[in-house]
Amino acid sequence: MGMEEIRKAALFQFATNGYEGASLSSIATEVGIRKPSIYAHFQGKEDLFLQVARYAFQEQNLRIFEYFTERKDQPLKHTLHDFLFWMGQEYESNDSAKFMLRFSFFPPVSLYHEVLDIVNPFLDKMERKLTRRLRNTRDREPFGHMEPVDVALAFMTLVDGVMVELLYSGSINYHRRLNAAWPIFWRGITLTTSPHEA
């Protein structure tokens, strides 16, 4: 068994049980090796976690890029709305997405700064992707007084809100919050009148 198998097992354990709840022993058992064999590939639990984090965030970055690329000809309203549901499905079915969401909001205290050094560039890339998508459709979508970068930030704030609800309260409350917030968000960014003129 090599590094790839250990990393996959660790990804599942960390995503499911958290940093404190996952142990090198349980990861070794899942792979079918003895715990000392992990040290042939990783310096210890912290090193393994950070390597898994870099992998998970890179994978989700690619999946998000694919999501927007596949829907580049779709109306923006559908693309953004569906993304909120897509992220929920990713969380339920994809260990990398579950890991990413869990540790974006709840990084291990002992690795707080190291995790933020992975999370923040990921969020910056997502903001840039959204801003580009919004700029490319601006002539066809009524954004009124809103700048694309402001719409991107507002949308990411909405994503944060519904994802926190999914992490804390589960699928039912996540859908409830999403269904309440989405129409208000969309109405807000498509106003044709400046709020100063309203």
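**Close-up views of a predicted model**

**View 1. An aromatic cluster in the predicted model.** One aromatic cluster is formed by Tyr67, Phe68, Phe83, Trp86, Phe155, Trp182, Phe185 and Trp186, in a model that is predicted. Aromatic pairs number 17 in the structure. Among them is the pair of Tyr67 and Phe68, whose ring centres lie 5.1 Å apart with the planes at 85 degrees, so that it counts as edge-to-face, the cut-off for that class being over 60 degrees. Tyr67 has a relative accessible area of 2% and is therefore buried, and Phe68, with a relative accessible area of 9%, is likewise buried.

**View 2. The pair of Phe83 and Phe155.** The ring centres of Phe83 and Phe155 are 6.0 Å apart and their planes meet at 50 degrees, so this pair is tilted. Phe83 and Phe155 are both buried. When residues up to four places away in sequence are not counted, Phe83 touches Ile64, Tyr67, Phe68, Met126, Phe155 and Val159.

**View 3. The largest nonpolar core.** The largest nonpolar core comprises 61 residues, and Phe14, Phe83 and Phe99 are those with the most contacts inside it. At least two residues of this core come from each of helix H1 (3–21), helix H2 (24–31), helix H4 (45–70), helix H5 (76–93), helix H6 (95–105), helix H7 (112–136), helix H8 and helix H9 (171–189). Helix H4 gives the most, contributing ten residues to this core. As background to this view, nonpolar side chains in soluble globular proteins tend to be buried together.

View 4. Glu165 is found in helix H8, which spans residues 148–169. Its relative accessible area is 12%, and because buried means under 20%, Glu165 counts as buried. Setting aside its neighbours within four places in sequence, Glu165 is in contact with Gly170, Asn173, Tyr174 and Arg177.

**View 5. Charged side chains over tyrosine rings.** The charged end of Arg7 sits over the ring of Tyr55, at 3.6 Å from the ring centre.

Methods
Residues are numbered from 1 along each chain as its sequence is written. This is a predicted model: local features need pLDDT of at least 70, side-chain atom pairs count only at pLDDT 80 or more; totals for chains, interfaces and linings use all residues. Side-chain values use heavy atoms; hydrogens and water are left out. Helices (H or I, at least four residues) and strands (E, at least two) are DSSP runs, numbered from the N terminus. Buried means under 20% relative accessible area, exposed over 50%, partly exposed in between (1.4 Å probe, protein chains only). Contact means heavy atoms within 4.5 Å. A nonpolar core is a set of buried Ala, Val, Leu, Ile, Met, Phe, Trp, Tyr and Cys residues joined through side-chain atoms within 4.5 Å. Rings of Phe, Tyr and Trp (its six-membered ring) pair if their centres lie within 6.5 Å; planes under 30 degrees apart count as stacked, over 60 as edge-to-face and the rest as tilted. A charge sits over a ring if NZ of Lys or CZ of Arg is within 6 Å of the ring centre and within 35 degrees of the ring normal.
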